[in-house]
Amino acid sequence: KSGEDSKVDSLVSEESMLALFESEFLRQYRDAQYFVMKGINKIAMDLRASMDGDANKSKGKDDKDSDEDAEVEYKGMGDVAENMCRLLTMMDYVARTASDLNQEARYLFDPPQLMDADSGDEDDDHDERDEDDDSEADDTESDSDSDESVEETEGAGRKRTAPSTVRSSNKRSKKTKVITWQQSYKHRFALQQAWLSTLRLPDIPTRTQKHVLQHLSSYVLGICPSPLRFAEYFTRSFQAGTKKAAGTKGSSSNLISILALDGLFILMLDHQLEYPEFYSSLYQLLHPRILYTKQRARFLQLLSKSLMANSMLPAYVVAS
């Protein structure tokens with residue numbers, strides 16, 4: 001018990017540090033948000049790569065030795081994954097559109113100033129001057145010719161001026177590009193990659209999985225560019241929750257299964273996910289024991305929403 005109490009105390013102190021970091025840096029500065037998400041993605045990918053490499057090395061060893069080495073090596077992996085999940089759940093203000101990003105945008109380090117579309121570089125000015133000089137030379141040569149040659153040179157001049165305007169428009173379009181962390185899509189993509197990499201780590205505590213599943217369904221699925229990539233995690237969470245619920249009569253496993261099905265249902269309705277086993281999975285939770293748990297209201301709400309609010313139910317489900 002003393003070990004559990006000390007672990008809880010350490011988590012409480014870490015919560016205060018995370019809250020301070022979130023309020024002073026993440027909520028204030030857009031570039032800090034972006035690079036923290038990129039850093040979480042990099043750390044999670046490196047941890048997963050080290051796990052895969054160690055798993056390949058342990059193939060030649062005995063099973064007992066490899067299991068003991070894995071327990072020692074990845075003893076703190078769950079704590080690392082939990083801290084990253086808690087930090088990501090705090091970030092519920094990622095910019096959805098460019099207007100959200102530009103509105104009250106603050107940067108810890110100001111991005112370099114880019115040239116406007118109307119103003120050009122010195123090299124571009126020299127190029128434009130050279131083109132003007134060439135056009136003036138052509139005009140002077142055309143004045144010395146006959147009237148017919150004047151008409152021909154004017155027509156050729158029109159043909160030459162057309163591609164020059166195209167080149168100038170291309171130059172202007174290149175000047176309007178912004179830096180990576182000034183693009184709203186890059187922020188949403190970085191959030192998605194950070195979550196996907198973190199959720200692949202093992203031993204995420206059950207208390208953290210509850211908050212993660214709720215946050216994914218309520219916020220992340222609506223902002224990420226490819227929400228269907230989270231279907232694997234929802235499916236894996238539901239299967240793990242049903243196995244734990246079958247082995248033990250704990251209510252936390254039932255809650256994880258309900259939250260996972262809720263996320264799958266959102267993907268089915270809003271993002272056209274094909275999951276034929278949804279209703280069979282839903283029926284697995286229909287037992288009298290769930291009516292006496294704290295999650296009965298959430299489960300009944302999911303049951304009503306999936307059976308009544310969905311107009312695309314197959315005929316055999318309606319008949320059942």
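**Close-up views of helix packing in a predicted model**

**View 1. Helix α4 against helix α9.** Helix α4 (residues 77-90) packs against helix α9 (residues 206-223) at an angle of about 30 degrees, and their axes lie 10 Å apart. Angles under 35 degrees count as roughly parallel, and α4 and α9 are therefore roughly parallel to each other. The crossing in which α4 passes α9 is left-handed. On the α4 side the contact is made by E82, C85, L88 and T89, and on the α9 side by R207, T208, V212 and H215. Sorted by type, the residues of this contact of α4 with α9 are three nonpolar, three polar and two charged. The structure shown here and in the following views is a predicted model.

**View 2. The whole chain, for orientation.** The protein chain has 14 helices and zero strands. Of its 320 residues, 36% count as buried. Among contacts in the protein chain with a separation of 6 or more, 78% are between residues 24 or more positions apart.

**View 3. Helix α4 on its own.** The 14 residues of α4 should span 20 Å at 1.5 Å a residue, and the end C-alpha atoms of α4 are 20 Å apart, which agrees. Ten of these 14 residues are buried, so α4 is largely enclosed by the rest of the structure. The buried residues of α4 are M77, G78, A81, E82, M84, C85, R86, L87, L88 and M90.

**View 4. Helix α4 against helix α8.** The axes of α4 and α8 cross at roughly 155 degrees and come within 10 Å. Because of this angle, α4 is roughly antiparallel to α8; the cut-off for that term is over 145 degrees. The crossing of α4 past α8 is left-handed. From α4, the residues A81, M84, C85, L88 and T89 make the contact, and from α8 the residues L191, A194, W195 and T198. The contact of α4 with α8 consists of seven nonpolar and two polar residues, with no charged ones.

**View 5. Helix α8 on its own.** Helix α8 covers residues 184-199, and its 16 residues should span 22 Å at 1.5 Å a residue; the end C-alpha atoms of α8 are 23 Å apart, which agrees. In α8, 13 of the 16 residues are buried, so this helix is largely enclosed by the rest of the structure.

**View 6. Helix α8 against helix α9.** Helices α8 and α9 pack at an angle of about 150 degrees, and their axes are 11 Å apart. This angle makes α8 roughly antiparallel to α9. Their crossing is left-handed. The contact involves R188, L191, W195 and L199 of α8, together with V212, H215, L216, Y219, V220 and I223 of α9. By type, the residues of the contact of α8 with α9 are eight nonpolar, one polar and one charged.

**View 7. Surroundings of Q284.** Residue Q284 belongs to helix α12 (residues 278-284). With its neighbours within four places in sequence left aside, Q284 is in contact with F238 and T242. In sequence, Q284 and T242 are 42 residues apart, while their C-alpha atoms are 8.3 Å apart in space.

Technical notes: Residues are numbered from 1 along each chain as its sequence is written. This is a predicted model: local features need pLDDT of at least 70, side-chain atom pairs count only at pLDDT 80 or more; totals for chains, interfaces and linings use all residues. Side-chain values use heavy atoms; hydrogens and water are left out. Helices (H or I, at least four residues) and strands (E, at least two) are DSSP runs, numbered from the N terminus. The expected span of a helix is 1.5 Å times one less than its number of residues. Buried means under 20% relative accessible area, exposed over 50%, partly exposed in between (1.4 Å probe, protein chains only). Axes are lines fitted to C-alpha atoms, for helices over the stretch in contact, and angles run from 0 to 180 degrees between N-to-C directions. Angles under 35 degrees count as roughly parallel, over 145 as roughly antiparallel, 65 to 115 as roughly perpendicular and the rest as oblique. A crossing is left-handed if the near helix is turned anticlockwise from the far one by less than a right angle, and right-handed if clockwise. Contact means heavy atoms within 4.5 Å. Ala, Val, Leu, Ile, Met, Phe, Trp, Tyr, Cys and Pro count as nonpolar, Asp, Glu, Lys and Arg as charged, and the others, Gly among them, as polar.
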